[in-house]
Structures are given as structure tokens and as C-alpha cells.
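Hi,

Here is the structure I promised to pass on.

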Amino acid sequence: MAGLWQAYSMEVASRSTLISVLLPYPFDQPFTYLAEAALAPGTLVRVPLGPRVVVGVVWGTAPDASVRAKPVTEVLALAPLPATLLAFIDWVAGYTLAKRGDVLALALKENLLHQPAKSRKKCNFGDADPAHAGPQLSPAQASAAASLRTGVATKGFAVTLLDGVTGSGKTEVYLEAVAEALRMGRQALVLLPEIALSVPFLQRFTERFGVPPAVWHSQLTPAARRETWHAVAQGRAGVVVGARSALFLPFGQLGLVVVDEEHESGFKQEEGVIYHARDMAVVRARLSACPCVLVSATPSLESVENAANGRYARLDLPARHGGAVLPTVTAVDLRVHPPERGRFLSPMLLSALRETLARGEQAMLFLNRRGYAPLTLCRHCGHRISCPHCTAWLVEHRSHLRLICHHCDYGTPMPPRCPACEADHSFVPIGPGVERIAEEVAEAFPEARALVMASDVISGPKQAAAAAAMILARQVDIIIGTQMVAKGWHFPHLTLVGVVDADLGLAGGDLRAGEHTVQMLHQVAGRAGRAQAPGLVLLQSFAPEHPVIAALLSGDLQAFLVQEAAQRRPGHWPPYGRLAALIVSAKEERLADQMARALARSAPHGPGVTVLGPAPAPLALLRGRFRRRLLLKAARGVAVQGLVRDWLAGCEIPRNVRVEVDIDPVSFM
Ligand code: ADP
Ligand code: ZN
């Protein structure tokens, strides 16, 4: 009887098979379609969806046979997506609680599938040459490189934290691991937090391998995007250097994943599918059975903790390459040495600048704030110009003659009179942005050639490369920059770094404010004195006794992390506990409040679980939506996803209210 049934079902299957197809749209579950034959998971198909025909991916075979399925429109003649990528999509969706279709959309978009035009010549994707001569490594570098190479050759999953001071040659070391992957005929992925960073990196890569790598980031043209995607799918692209979304490329032969500047919060995707690319890189490597290398001079407490408890291996490069010494870091107490009225550079910083320029060396002034002034105030009535759509002041950008919202990009010219008291020309700028510092520099050093580096002036890799070339050719004396200049760059003639406002990142009470400030300022400091001439770093601060400034002065980042750990451990704050944030938003404040309160009423409870809130988000209004936050805090062993899933399932969310889930939140805005 069983045999007969089997024969019957096989006959049906041979005529038509029910398959499940996941679509790159906001659906969590695959849909069932009818195919002429069984199709392997990962096969790309076109299927009807309502009145449209859309691309999708065969997800599996055992769907619900009771549904009336429509036939597949077309089976595409392309290689199926690799099984490791399908598993990764499932994993990311399960972890972040995003809809699976939304995660698939990170890997697959309709416009990727049009075949590259015939006339285009293929780029040098496969040609990175591992045998191209690299530098002679120092003994410490060579031993770290050997360890990473062995990991790649062993073809197994393992995570290594490569921790080395700025300028120690971490990049050279992990490029040896990339070379090993290429030698083994496998692919390597290097994740960078920002495209601007890729400028110095791409030069280094090209020197090491003879050709630039394939790159993947949001500013690629659609044609370049398509070509790169297909080159990765076909294995022609040996190395991809990319931003976080490169994790979702169809690598079939992944042999290594590197996350450079692993501590960077830029790896956290904050919209749509909310995920941390550093953490997901580890998962991608595990599913691909290959090593993952996390690289930083200022590793996150998360990674340091994982190394300490043996989950990650750890390699250290304690000294700068070529005998260069780490810069001297000094605080300038602004209470004792204030700048002149209406100015922002203290006499000590000005005289250090003067001496640096006199020696023919370069200086960098760091202020992580774009524009001219962060606040514009009516001197008559005290009115502050704020964004109509966000809880934020408008930032004056004098170079564009506009006031701009840094959250929603709303812009308006400077109003001729105050909208509140109607006084004429009564607005004054309060506080500095980089443009204002540039103005002060131009007045103090009229002969010096200054260059502002911020994302609104240097908007892409081309401009960044041009700026770097000018600096290296010594056509620039003073660089004035935001976080864009903090890391990755190697300017041998740069010996002075002045941090205009070292206290800036400490306001706000964010869980990781101290850690992130130490990391960023340590990176900035690391730009100074990378060659023979020694470097000096001056930190302007109103609170030099603050533990963050103290850590930067002593350079003892380990000790700082020990203090951080001691503060977070007792309250089970990450990494000693887990967080999940719910962000409720609606166009009507009342609706946001109602939903937030309803969620609070049905909040999960139990041993080791606390729910904080609801509270208005610090950005209580963003792009015209009112926002409320709830925060679930749980002990490490608690499966947060299940709790949140049940919590949301028990609450009806009206159509005009949005509830976003942020697992392991980094931003608390
Ligand atoms: P990190 O990534 O640790 O900040 P880099 O890899 O950028 O350090 O190295 C700093 C500088 O020293 C770079 O210009 C790099 O090319 C150079 N460098 C590092 N190691 C070597 C080496 N073994 N031989 C020659 N140059 C090196
Ligand atoms: Zn705004």
C-alpha cells in the first residue's frame, strides 16, 4: 500500500511539483507555486504576485498541498543562490525579527538580474594576485599573519580579534589572510564601516595585489552593482571590499570574512532590517565554515569580552610599524585656558599649530560636527530655530547659505527676521561646526592652506581620494574634519592633532557614550606622528578629569574597558545582558502614546527580564513621526527573540502605527 502511494505521488510530482518561493518583499513566509519539475532551493524564478510578475527564490519543497497554487512564470537561467546564503537569510530574519522577505531583499533585487550589457568589457574581478609582492613583515606581524593564514587554510569557522595599536600594520597582516584565501581558490570579504575609508584601503589593496578589489556600497551605479553581483555569484570576484550590505552577496566559496574597525557603530544598520553587520559577519562566516577576523585598535567591549572568555582567539600587535612611536596626548583644560571670546581654539592649541606649521609639518583639527554652527538663536527673544519635522535644531551651513536638519535634510535659507519676535537680523550662531573652525583658522593663520573634510563637502570616494592626494603632496597645512578623518588615513607629515571639543560625545547618557568617545578620539589621535616625526595630540576639554579623557591621556584602553565592564556587569547591561528596543511611531502623537502604553501593559515579565518605558524617544519627533521607546533588558541566557515575538503577537498594531524592533540596540535615540 505504501509502495503504491509512493508511486502515485511520484507520478504527480513529475508532472507538477509544489514549491515554496520566497519573495523579496515584506512577507515573512514563502508562497506556494506550481513548477513543472522539482527545483533546487536557491533557484531564481519569476512568479505572479497579484497583477505583477516578480522575481523570487525557491526556498523549499514541502509546502501546504491544500492551497491552489499558480504556476511559476519562468525559471531563470542563472546559478541558484548558494545554500549558505539562504541559511544566512533565515538566520538574520530569526535573530532580528525582520520579515524574511525583507532580508531577502538585501540579497536580491529585481534590477540585479538584468544581464550585464554585452558591449561592456568585464572588470578585473578575478585578477587579484596573491603572489604580487607584499611588504616584508616584522616578526610580530609575520607571526600574526601566519596564524591567520593557518585559519584560512584549515577551512573551519573561528573568530579572531586582531587588536593592534594604530599604525601597527593590522591591514598588512590581514591582507596576508586574504592572499591565502585567494591561493586556495576561495573568496574573501572585507567589510569597512564607511566608503570614505575605502580610499586609503583601496590604494593599499592595489599595492598588495596589483589590482583594486571589487567594491560594494550604496553609491555604486546600477550597472556596476549588477556586474559585481554576477561576478561574485560566478566566483569571478575573488575579493570584495564592501559596506555592511556586502554580507548578502551570493558568495559560493567564501573562505574569509574580515571586519575592519569592528568597534564602529556604523556597522549597525538602523533602518529597515535592523542588524549589526559585525555580529552578522560572524554568523555568515560560521554558516560558510570559514574564519572571521575582527580588526581594531580600539575593540568593542563585546569583542574583548568574547576574547577573554575564549570564544574568540586574540592576536595583538602592540607596537607601531617602523619604530614610529605613539603620539603624546595632552589635555587642555578650557576652564584654565579658555579661547578668546567667540573663538574656539585655546591659546595652547594655537601656539602648537604655529610651531607645527613653522616646522613645515601638517596639523589636523577634529570636530565631529558638520556645518558652521549647531544652533541659531535670536539675540532678542531667545528663539531657537528648529526643524519643523524633528526634535532637532537646524544647523547653519554657511557654505550653502542654508539652515539644514541633520536628521531629515530639511533645509531653509536664514530667515531675515525672527519668526517669534519679528526682530530684524537678530540671529546669532551658537557653538562651532567645522566651517566655523575653518573661519577661525583662516583669521589666525592667513598663510596656511586649510582643507575642510566633512561628508557634505567630500561626498564620495572620488573627492576623498583627491583630498588625500593633496594632503600627501603637502598642498594642505591644516585639515579640519569630522569623523570622516578619524580613521584609516596614513598621512606621514601630520604631527599635530587638535580635538576641538573632546567632551562632545559624552553628553546624552547613552550606554556606550564613554566607550565610543574613547574609540573615536583614540583613532583621531592615531593620525598623528605615524612616520619619523613624533606626534602631539591636544584634547580641549572642560572636564579633563573625566575617566574618558583620563583613558586617552594614559593610553591605557584596557584599563578603561575594565572600568566599563565593572559598571555594566552588575546591572546586566551588554555585553553582560541583552537588550531589545521597541520604537513605536505614528504621525499622531496620541496614537503613538496609545500603542506604547498598550505594549507596556502586555510587556513580558519573568526572572531576569525587565521592561523599561515607554518614554518619549530623545528624538521624540523624527521626519514628522512621533516616537516612543520601550527597552527590554534580559539576562544573557534569556532568548530575547521569543519573548519579543510573543509580546508583539499579543498586541494588535493598527495600520497607521509602526513598531520597529531593534535587537542589541546601539542607538538609543
Ligand atoms: P593599522 O591598520 O594597524 O593602523 P597599517 O596597516 O595602516 O596599520 O600600517 C601603517 C603604515 O605602515 C602603512 O602605511 C603601512 O603600509 C606601513 N606598514 C605596516 N607594516 C609594514 C611593513 N611590514 N613594511 C612596510 N610598511 C609597513
Ligand atoms: Zn528634520
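His425 sits in the loop between β21 (411-412) and β22 (427-430); helices here are DSSP runs of H or I with at least four residues, strands are runs of E with at least two, and both are numbered from the N terminus. Its phi is positive, near 45°, even though the residue is not a glycine. His425 counts as exposed because its relative accessibility is 64% (buried means under 20% relative accessible area, exposed over 50%, partly exposed in between, with a 1.4 Å probe and protein chains only).

Before you go further: this is a predicted model, where local features need pLDDT of at least 70 and side-chain atom pairs count only at pLDDT 80 or more, while totals for chains, interfaces and linings use all residues. Residues are numbered from 1 along each chain as its sequence is written, chains are lettered from A and ligands numbered from 1 in the order in which they are written, and side-chain values use heavy atoms, with hydrogens and water left out.

Ala289 also has a positive phi without being a glycine, at about 50°. You'll find Ala289 in the loop between α8 (277-287) and β14 (292-296), and with 35% relative accessibility it counts as partly exposed.

Just along from there is something I liked. Helix α9 (residues 301-308) is mostly covered, with seven of its eight residues buried. Those are Leu301, Glu302, Ser303, Val304, Glu305, Asn306 and Ala307. What covers them? The cover includes β7 (159-164), α8, β14, β15 (313-317), α13 (513-525) and α15, going by contacts, meaning heavy atoms within 4.5 Å. After α9 comes Gly310, with a positive phi near 85°.

Two cis peptide bonds are worth a look as well. One runs from Pro574 to Pro575, with omega near 5°, and Pro575 is in the loop between α15 (557-568) and β27 (577-586). The other goes from Gly613 to Pro614, with omega near 10°; Pro614 belongs to strand β28 (residues 609-622).

Beyond its neighbours within four places in sequence, Val240 contacts Ala188, Leu189, Val190, Ala214, Trp216, Val232, Ala246, Leu249 and Phe251.

Finally, the overall picture. The protein chain has 17 helices and 30 strands. Its radius of gyration is 27 Å, close to the 26 Å that the globule rule gives for 669 residues, so the chain is as compact as a globular protein of that length (the radius is taken over C-alpha atoms, and the rule is 2.2 Å times the number of residues to the power 0.38). The C-alpha atoms fill a box of roughly 95 × 65 × 55 Å along the principal axes. Of the 669 residues, 51% are buried. Among contacts between residues at least 6 apart in sequence, 75% join residues at least 24 apart.

Cheers
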